Amino acid sequence: MKTRVISAAVGLALFVLVVYIAPPWAAVAAFCLICAIAAYEVLHNTHVLEKGLPLWLCCLAAFCLPAATAYDAAYFLPLLYAFSLALFLWAVIRPQQITFEQIAQCYLGAFVIPFLLSSVLRILAQYEKGRLYLLAPFLAAWCCDSFAQITGILFGKHKLIPQVSPKKTVEGSVGGLLGGMAGLLAYGAVAGRWFGGQPNYPLLALAGLAGALAGMLGDLAMSLLKRKSGVKDYGNIMPGHGGVLDRFDSVLFTAPLFELLFRFTEIL
């Protein structure tokens, strides 16, 4: 527990440094690196691709994708085309060394997961108050995580989906949903009082609920892939937490949700 708390504190300090203190290019570099590590974890550490050119092509594409989509979506197509050309050229030359399932999983690691995670960078880059807006998906996801864990420890009796995540309970999930809503309402109050925001509290409550649900789905989705692969954690880059995907799984669907909310609604 002590290691987990220390690791979380260090991670939070790095997040504040990269997003709120360092120049903008630091956030771009950080999320490019995070996406590359996530691709490596979901492909190599789950034994989908142990080694070889396809693995490194996936990591390279995942590294480039956040920068390619955050500032100009026109770069996405050339990146996708170049990756597909290289991957299938290698597959045609060495058909016995790659399966259909591995090819499909390459796109999951190189594009799907990095694109979803890159919503964090798109929120930061595309809005004048991007640094303020960026707190919303993290608060919804991480407040849900924290409240779910506390509620589950205190009141958890009924397992939620034990085949996917043995420790999660129905009671903990309810606490997590309430935590997500509370986190977003507090976020709106602080933004309205000190940062010139105009919070729409009913919409913030709904966004907190939806963000918490999306965070739970991301957590369960990444747990499902781990169970199917027979691994406990995606890595050990964060002591006490596991890998990048173990820590950012709850943001996987929450960040894109808030990217859409900020684009089409006025929650703040």
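Helices are DSSP runs (H or I, at least four residues) numbered from the N terminus. This is a predicted model, where local features need pLDDT of at least 70, side-chain atom pairs count only at pLDDT 80 or more, and totals for chains, interfaces and linings use all residues. Residues are numbered from 1 along each chain as its sequence is written, and side-chain values use heavy atoms, with hydrogens and water left out.

**Helix α9 and its end**

- Helix α9 covers residues 170-194, which makes 25 residues.
- From first C-alpha to last, α9 reaches 36 Å, close to the 36 Å expected at 1.5 Å a residue; the expected span is 1.5 Å times one less than the number of residues.
- Buried means under 20% relative accessible area, exposed over 50%, and partly exposed in between (1.4 Å probe, protein chains only).
- Leaving aside neighbours within four places in sequence, Leu-185 is in contact with Tyr-201, Leu-204 and Ala-205.
- The C-alpha atoms of Leu-185 and Gly-242 are separated by 30 Å, with the two residues 57 apart along the chain.

**Two buried residues in other helices**

- Asp-219 sits in helix α10 (residues 201-229) and counts as buried because its relative accessibility is 12%.
- The side chains of Asp-219 and Lys-168 are joined by a polar contact of 3.1 Å. A polar contact is a pair of N or O atoms within 3.5 Å; within protein, one must be able to donate a hydrogen and the other to accept it, and residues adjacent in sequence count only if both atoms are side-chain atoms.
- Not counting residues up to four places away in sequence, Asp-219 touches Asp-145, Lys-168, Asp-249 and Ser-250.
- Ser-119 belongs to helix α6 and is buried, with a relative accessible area of 0%.
- With residues up to four places away in sequence not counted, Ser-119 touches Ala-255, Pro-256 and Glu-259.

**The second largest pocket**

- The second largest pocket holds about 180 Å³ of space. On a 1 Å grid over the protein atoms alone, a pocket is an open set of points where a 1.4 Å probe fits, with protein on both sides within 12 Å along at least five of seven lines; lining residues have an atom within 4 Å of a point.
- Of its 15 lining residues, those closest to the centre are Pro-24, Tyr-71, Leu-124, Ala-125 and Arg-131.
- At least two lining residues come from each of α1 (2-21), α2 (24-43), α6 (119-126) and α7 (130-133), and α6 gives the largest share, three residues.

**Two loop residues**

- His-47 lies in the loop between α2 and α3 (53-70) and has a positive phi of about 70° although it is not a glycine.
- At 48% relative accessibility, His-47 is partly exposed.
- Tyr-75, in the loop between α3 and α4 (76-93), counts as exposed at 53% relative accessibility.
- Tyr-75 and Phe-138 are 27 Å apart in space, C-alpha to C-alpha, and 63 residues apart in sequence.

Terms used:
Contact means heavy atoms within 4.5 Å. Grid points are joined across faces, edges and corners, and a volume is the space filled by probe spheres set on the points.
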